[in-house]
Amino acid sequence: MIAPAVVAGVLLAGPLVALLVRAPWDRLGALLAGPAVLPALGLSFGTALASTVLCIVLGVPLAAVLAGSDGWPRVVTRVARAVVATPLVLPPVVGGIALLLLLSRTGLLGRPLFAAFGITIPFTTAAVVVAQTFVGLPFLVLSVEGALRGVDARFAVAAATLGASPWATFVRVTLPLAAPGLAAGAVLSFARALGEFGATITFAGSLPGVTETLPVAAYIALTNDPGSAIAIAVVLVVVALAVLLALRERWLTGLRA
Amino acid sequence: MNRPRRPRGVLLAAVLGAVAMALTACSEPHAAAPAAPPASASSTPSLSGTITVDAAASLNTVFPALASAFEAAHPGTTVRFSFGGSSALAAQIVAGAPVDVFAAASTTTMATVTKAKLTAAAPVTIARNALEIAVPPANPGRITGLKDFGTASKTIVVCDKQVPCGAAAQQVFALAKVSAKPDSYEPDVTSVLTKVETGDADAGLVYRTDVLAAGARVLGIPFAEASRAITAYPIAPLSASQNAPLATAFTDYVVQHGAADLAAAGFLPPR
């Protein structure tokens, strides 16, 4: 039991330790403020925030629908859940290819969009946000759905008997009770959005200040400027750890609730 | 997900996996190689075993064909390929990737490997290549030449400056005095070609061999400056090879017998 557990621990923590040991700490500030990293830093945090907002706006209603799906035929709920969770297990590059096939200028939805309005999504910051929302949404939906299911239904019933509309009941009673799950889901989807690479480079491309996010910049810098790549990696590791530490175990309870 | 209890664990595992992916957005495809014993002088004339060849993305049609012919001539041998942006491949080799032969799309990229003293023999140039504009067959952006790359309203993709095709692109832009406004800097030439093939880009700068290989899926537009930004393709066996005889034999095979296939694919002769 002990030996495999130690191996697992080394496998999980070893790469992070190596990264922190090899990080160019003395030049870290200069590298992060340099032309290779700074635009990506701003872009990454901006797009990750935007996609988190989008995840909340779109994900909470979807979670509410799923949480109230007990009366549906079982096969429908099963398929719906599987579809929601797919981006969790899909290789991100595959997600990027799928997004291209849907939204590129010759894509299923992209072609009419381009023909009618001249809108192209790939190669824009919007494409980055779409890719990040695609991969981040399942975290929010599953977390909020779990939290909503954990809310004692008697509160909603009491609110309704006191004359609250279904909308008011949901917004003012049920949702606040599910707030920890919502917060956990939002933070997880933010972290996932910040780390998004495969779907972004496939679907959105890579242009400094427009679509070149931190992970993309790290990948491209690795060939000629490994110092910058490691500096970016340190930022992403620190943010990821901060997120998990800040949530303590709450991200687990959000899904378990 | 019909049972009320078990899916939670599965879900948690999936979430953990996704978090792990998010944490490690970038991963090295190769593990570090153990220090190789010095390559013994090929005392055995018969070749066997497997070698890995890292090659520039633009060689990805010619090399597999050459490898098939090589394997047919030497039964019991297998040549595997890892195609990618030359700079990324060079970085992996310098970082200790277990690679036997390297073929780069530029002499400067090869130089990073020779400087690290990782080549087992001096690199030999096997071919040269020139850039060409690739546009979707219907040419929706009405691209006529390099000057269109300076038009912000056209969707333009080129290779990143850090890979050879991107360095060559910067060279031709400078020669043509075009201030290019790309919409994306792609990590290798194949990604540029794909964006043109799917019609997402109005134009991309790729090698003429890529235009030829893509057939009817793209239209090539040659331009004058291309002849002044020719890239060379050097190949060399690597000192880290665990199968030095096979690495050298394949390198020699490409040098001696590759010319016809390379020319057929649109490559220029080495000189």
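In this predicted model, H5(A) passes H7(A) in a right-handed crossing. On the side of H5(A), the contact is made by Pro92(A), Gly95(A), Gly96(A) and Leu99(A), and on the side of H7(A) by Val130(A), Ala131(A), Phe134(A) and Val135(A). Helix H5 of chain A covers residues 92-103 and helix H7 of chain A residues 125-150, and the two pack at an angle of about 125 degrees with their axes 11 Å apart.

Chain B contains an open sheet of five strands with mixed pairing, in the order S2-S1-S3-S10-S4. Its edges are strand S2 and strand S4 of chain B, each of which pairs on one side only, and the twist from one strand to the next averages 20 degrees. Within this sheet, strands S1 and S3 of chain B run parallel and are joined by three bridges; Val53(B) has Val101(B) as its bridge partner in S3(B).

| Strand of chain B | Residues |
|---|---|
| S1 | 49-56 |
| S2 | 77-84 |
| S3 | 101-103 |
| S4 | 124-129 |
| S10 | 231-237 |

Helix H8 of chain B, residues 244-257, lies across S1, S2, S3, S4 and S10 of chain B, and runs at about 150 degrees to S10(B).

Note on methods
Residues are numbered from 1 along each chain as its sequence is written. Chains are lettered from A and ligands numbered from 1 in the order in which they are written. This is a predicted model: local features need pLDDT of at least 70, side-chain atom pairs count only at pLDDT 80 or more; totals for chains, interfaces and linings use all residues. Axes are lines fitted to C-alpha atoms, for helices over the stretch in contact, and angles run from 0 to 180 degrees between N-to-C directions. Helices (H or I, at least four residues) and strands (E, at least two) are DSSP runs, numbered from the N terminus. A crossing is left-handed if the near helix is turned anticlockwise from the far one by less than a right angle, and right-handed if clockwise. Two residues are in contact if their C-beta atoms, placed from the backbone, lie within 7 Å. Two strands pair if DSSP finds at least two bridges between them.
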